[in-house]
Amino acid sequence: MDINLNARNAEIHPRFREYVEEKVSKVSHFYPGATAVNVELTHERNPRQADTAEKIEITVFGKGPVIRAEASSADRYAAVDLAVGKLFERLRRARDRAKDHRRRYQAETPVDLGAFEITMPEDEGVEDQAALEQHELKVGEAVEEQLGDSPVIVRQKLHEADRMTVDQALYQMELVGHPFFLFIDADTGQPCVVYHRHGWTYGVLRLNAVVAE
C-alpha cells in the first residue's frame, strides 16, 4: 500500500512524515484491498483561523469505494489523530457492510468493500496560471483558479459518471464525508445528487434529463 503525503503552505518534516505513515499504515487492517492512501496537509495562514490552522485530508483508494476523512486543529499532530479516527470509523462501517452483504447473499467468494467500485488517479497540480488556462481537467484531478479580478478561488474537479442506486450514493457520500454526492441513477439514467438535510433526513435532486448508456 502506497502512502503519499503532500503539503500546501507548509513543510513536511521527517518526524511528522513518520508519524503520519505509522498512523495510516493501519488502514490495511480494516481495508485489505487498499492500494494507496493520499494524505494532504494544508496550513491556513490567516491568524483568525489559528484554532483550525492545520487541516488534514486522508483519502483511501482500493478495489472498493473511495473512503475519505478530514479534520482541523491548531496542532497538525492532533489533526492527524482526529482525521484517522474518523477514517477508521468509516472503514469499520464499510467492512461491516461487506460482511452483511456476504451473509445476506451467502456468497462463496470474498466480497469487495461496497457494492460498486470507484477509482480515481492521484491529483496533479498546475504550476502556474498560464498552465492553468491551457489545462484540461482529467478525471480525479483538482484545479484551482481565481474568478476574474475578485479574491474568489474556484476549485474544479472532474469525476466519472458512475451509475448506482440512491442507497449506494448515500453510502458513498457517508464514506467520503461530504454533505452531498453526485451520481447517475442506475434505474432512470438521470443525473442526480443526494444531500444531507438534518438529522437522519436526506434529499435527492434530479435533472430532467437522461444520460445515454
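## Close-up views of a predicted model

**Figure 1. The loop between β1 and α1 in the predicted model.** Asn 9 is found in the loop that joins strand β1 to helix α1. Its phi angle is near 60 degrees, a positive value in a residue other than glycine. Asn 9 is partly exposed, with a relative accessible area of 43%.

Figure 2. The strands form an open sheet in the order β1-β2-β3-β4, and their pairing is mixed. Strands β1 (2-8) and β4 (67-73) lie at the edges, each pairing on one side only. On average, neighbouring strands of this sheet are turned by 15 degrees against each other, direction ignored. Strand β2 (residues 34-43) pairs with strand β3 (residues 54-62) in the antiparallel sense over nine bridges. Within β3, Thr 59 is the bridge partner of Asn 38. Helix α1 (residues 14-24) lies across β1, β2 and β3, and runs at about 135 degrees to β1.

**Figure 3. The largest nonpolar core.** In soluble globular proteins, nonpolar side chains tend to be buried together. The largest nonpolar core of this model has 27 residues, and Val 27 and Ile 56 have the most contacts inside it. At least two residues of this core come from each of α1, α2 (27-30), β2, β3, β4, α3 (76-105) and α5 (166-176). Helix α3 gives the most, with eight residues. Leaving aside its neighbours within four places in sequence, Ile 56 is in contact with several residues, including Phe 16, Val 39, Leu 41, Ala 69 and Val 80. Apart from this core lies another, of seven residues, among them Phe 181, Phe 183, Cys 192 and Val 194.

Figure 4. The structure holds 10 salt bridges. In one of them, the side chains of Glu 40 and Arg 8 meet at 3.8 Å, N to O. This pair links strand β2, which holds Glu 40, to strand β1, which holds Arg 8, across 32 residues. Arg 8 is partly exposed, with a relative accessible area of 33%. Glu 54 and Arg 76 form another salt bridge through their side chains (3.5 Å, N to O). Glu 54 belongs to strand β3 and Arg 76 to helix α3, 22 residues apart. Both Glu 54 and Arg 76 are buried.

Figure 5. Glu 89 and Arg 93 form a salt bridge, with their closest N and O atoms 3.7 Å apart. Because these two residues are four apart in helix α3, about one helical turn separates Glu 89 from Arg 93. Glu 89 is partly exposed, at 36% relative accessible area, and Arg 93 is partly exposed, at 35%. A network of salt bridges links Lys 55, Glu 57, Arg 68 and Glu 70.

Methods:
Residues numbered from 1 in each chain as written. Predicted model: local features only at pLDDT ≥ 70, side-chain atom pairs only at ≥ 80, totals over all residues. Heavy atoms only, no water. Pairing = 2+ DSSP bridges. Axes fitted to C-alpha atoms, helices over the stretch in contact; angles between N-to-C directions. Contact = heavy atoms within 4.5 Å. Buried < 20%, exposed > 50% of the residue type's maximum accessible area, 1.4 Å probe, protein only. Core = buried A, V, L, I, M, F, W, Y, C linked by side-chain atoms within 4.5 Å. Salt bridge = Lys/Arg side-chain N within 4 Å of Asp/Glu carboxyl O.
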